Amino acid sequence: MPISNAQIAKVFYRIAELLDIKGENPFKVRAYEKAALVVESLSEPIEKIYQEGRLMQVPGIGKSIADKIGELIETGKLSYLEELESSIPAGVVELLKIPEVGPKTAWLVYKELGIKSIEELEEAAKEGKLRVLPGLGPKTEENILKGIERLRRFGERVPLGIALPFARQVVEWLKERAPIDKIEPAGSLRRRRETIGDIDILVTSTNHLEVMDAFVSLPIVREVLAQGETKTSVITDMGIQMDVRVVEPDCFGAALQYFTGSKEHNIHLRKIAQDMGLKISEYGVFRGDERIAGRTEEEVYNTLGLPYIPPELREDRGEIEAAKEGKLPHLVEFKDIRGDLHIHTKHSDGHFTIREMALAGKRMGYEYIGIADHTKGLGVAAGMNEEEILREKEEIERLNEEIEGITILAGVEVNIKMDGTLDIDEEVLDQLDFVIASVHSAFKQPKDVMTERICRAMEREVVDILGHPTGRLIGKRDAYEVDGEKLIDEALRTKTILEINAFPDRMDLPDILCRAAKVKRAKFAINTDAHSIDQLNLIEYGVATARRGWLEKEDIVNCLPVEELLKLFKKK
Ligand SMILES: [Zn+2]
Ligand SMILES: [Zn+2]
C-alpha cells in the first residue's frame, strides 16, 4: 500500500498534537514533531528508504519512530494513533485548527465548559463565557473570534509547500500504474501561488480508462466525486479536491494553458483572440472551425502574437502588456543561485554541523553558503552569545582551509529587540562576513512601533539583510502590522537587502511586495532558513516567490560571485 512522505508526516504531527492536548511530556511531543519535520523534508520517498532497510540511518529517526513508519507502510494504519484518538473527543482536536487556540486552551474549554466544536467555542467567546477560566480573558475571546474568522477565510486551501510534493507524488504513482505520455499539474499549483484550492492534473495517454482506474484506486483518495473517461474528480485525504483530465495530444498545450489560468489572465487572452477574429478554448486556438494551435503552450501564445509567458506571471498584472512590448522579465531560475545565505547549524537549533551543511551546499552546486545561527535573545532556539559567535567564526575559518570547492561565509541571524536594538554587541557583528537581522518576538506591536523598530535595525551599519521581513506564517499567523511601503523605502535608503525566505510557510517577502520593491530597485537574497540538509531543497519555494514577484537574477545578491557579494556587504 503506497504512502507518501507527507502522509506519514501528517500522522506524526497528529500524534504530537494529541499528546500535547493530553498534557504529555513536552520532550515526547517534540520528538514526534521532529520526526514529522524530518520525514516531510526528505528528498526521496520514505517507502524506498524503508524497503532498503535504511530508516535508522536517517538522522532524527530512532527505533520507536522507525517501527511506526514500518507499521504505516505495511498496514496503512497505526494502532498507537488509533488508541490516542479514541481517548480524546474529535471536536476538541478540531479546535486546534483555530490559529489562536493551543492544546491547553482546547483541553481547558472542553473540561470546564464541555465545548466540543468550533461553533460552540465561537458562541461561548461571543457571550463572554471564556473569560472566567484561568488564564483566559476578554483579549483571548477577541483573539479566538479573529482566529475563527481567519480559519473560515482560508477555507480548505493548502499551503504550496504541502500541495506541491503531494501532487508530485500522485504524478509518480500515476506514471507507475498507467500508460502515460505527458503529465503535468496545472492550476494555481503550476503558477506557484502560496496556497492551493484544488489540484488539476493533465495527462495524455493511449488508455484513458486505465489512467482513471489507477487514479481512483490511489491510497490518497477519500471520496470519488465523479469518474469519467476524460475527467475524474476526487476528494483527497488532505481534504482538497483533485481532478485528473485526459486530453488529446493535439490539445495538450491549449488545455495546459487553459487550466493553468489564472482566470483573469485567460479572460484577457480571450479578448486578444477575439480582436484577431480567433477563438481560444481548452481545445485550441481556432479560426472558424479550423484548429490553428493547441499542441504546445508556446504555439498558443505565439498564435496570439505573444511570446511564451511563464506560469508564475499569469495573473493579469501587466504580463500580457509586457509580453506585447517584448518587455517580459528574464525570471530568476534555480541555476542562477550561487549560494544560500541563511543556514542554521548545531550551534543554534539546526540538526547538522557546519561541515555537514557545507558539504550538502556543495552537492547542491553552490559556490558558497552563509551560516546564520540564532543569537542569545532567542531562548528556545539555543542562541549564541558574543563569545560563541566568535568561536563559530574561527571554526568556519578552519573549515574553509580544509574544505575544497565551497566557501563558507560567517554570519548570524541576530534578533531585533522590541526597541529596534540588536541583541549582540556591534563590535562582534562587525567581524563577521554578513549579518541577518530578524524579528522573533513581540509580534503584536502596533504598526507604527513595529515599523519604527525594524527601520531602526536596518539603520545599523552592521546589518546586511532583513530576515523574513513581514513575519507571516501562511495559514497560521498573519504578518505583523508593518508599513510595507516604508520598510522598502528604508531598506533602499540604508542599503539593506530584503530576504525572500523560502520556507514554504513563510515565502516572505511575499510576491506582491517583491514586485513593489523591485520597481524601486531594491536588492533581495533568496534563502532557505534551512535547519537540516534536506531543507536546502526548499530554495525552490523562494525562487518561485521571486519569480511571481517578477525578479531577475540581477535583483538577487546571492546570484553574485562570492567576491562581489562580499564587496556588497562591505559597502553599507
Ligand atoms: Zn528567523
Ligand atoms: Zn533562521
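First, a term: donors are N, O and S atoms within 2.8 Å of the metal, or 3.2 Å for Na, K and Ca, and since water is not among the atoms, sites may look incomplete. A word on the ground rules: this is a predicted model, where local features need pLDDT of at least 70, side-chain atom pairs count only at pLDDT 80 or more, and totals for chains, interfaces and linings use all residues. Residues are numbered from 1 along each chain as its sequence is written, chains are lettered from A and ligands numbered from 1 in the order in which they are written, and side-chain values use heavy atoms, with hydrogens and water left out.

Now the metals. Which residues hold the zinc ion (ligand 1)? Its protein donors are Glu413 (OE), His440 (NE2) and His468 (NE2). They lie 2.1 to 2.2 Å from the ion. Along the sequence, the spacing of these donor residues is E-x26-H-x27-H. Where do two of them sit? Glu413 is in strand β13 (residues 407–415), and His468 is in the loop between β15 (465–466) and α21 (484–493), so this pair ties together parts that are 55 residues apart in sequence. Glu413 and His468 are both buried. Buried means under 20% relative accessible area, exposed means over 50%, and partly exposed is in between, with a 1.4 Å probe and protein chains only.

On to the zinc ion (ligand 2). Its protein donors are His342 (NE2), His344 (NE2), Glu413 (OE) and Asp529 (OD), at 2.1 to 2.2 Å. Their spacing along the chain reads H-x1-H-x68-E-x115-D. His344 lies in the loop between β11 (339–343) and α17, while Glu413 is in strand β13, so that pair links parts that are 69 residues apart in sequence. His344 is buried too, like Glu413. What about the geometry? The four donor atoms make angles of 84 to 168°, and the site is irregular. The cut-offs: four donors are tetrahedral if all angles lie between 85 and 135 degrees; four are square planar and six octahedral if opposite donors are over 155 degrees apart and all others between 65 and 115; anything else is irregular. How far apart are the two zinc ions? They are 3.4 Å apart, and Glu413 coordinates both.

Next, the sheets. Two strands pair if DSSP finds at least two bridges between them. One open sheet has five strands in the order β2-β4-β7-β6-β5, with mixed pairing. β2 (182–185) and β5 stand at the edges with a single partner strand each, so one side of each has no neighbour in the sheet. From one strand to the next, the twist averages 20°. For such angles, axes are lines fitted to C-alpha atoms, for helices over the stretch in contact, and angles run from 0 to 180 degrees between N-to-C directions.

Let's step through that sheet. Strand β4 (residues 199–204) runs parallel to β7, over five bridges. Ile199 has Met242 in β7 as its bridge partner. β6 and strand β7 (residues 241–246) are antiparallel, again over five bridges. Thr232 stands opposite Val244 in β7. These two strands form a hairpin with four residues between them, and Gly239 in the turn has a positive phi of about 90°. Strand β5 (residues 221–227) and β6 are antiparallel over five bridges as well. There, Val224 is bridged to Val234 in β6. Three residues separate β5 and β6 in their hairpin. Is strand β6 enclosed or open? Five of its six residues (231–236) are buried, so β6 is largely enclosed by the rest of the structure.

There is also an open sheet of three strands, β8-β9-β10, with antiparallel pairing. Its edge strands are β8 (279–281) and β10 (290–293), each pairing on one side only. Here the twist averages 35° from one strand to the next. Three bridges join β8 to strand β9 (residues 284–287). Ile280 stands opposite Val285 in β9.

Last stop: Gly365. This residue lies in the loop between α17 (354–363) and β12 (368–374). Buried or exposed? Gly365 is exposed, with a relative accessible area of 55%.
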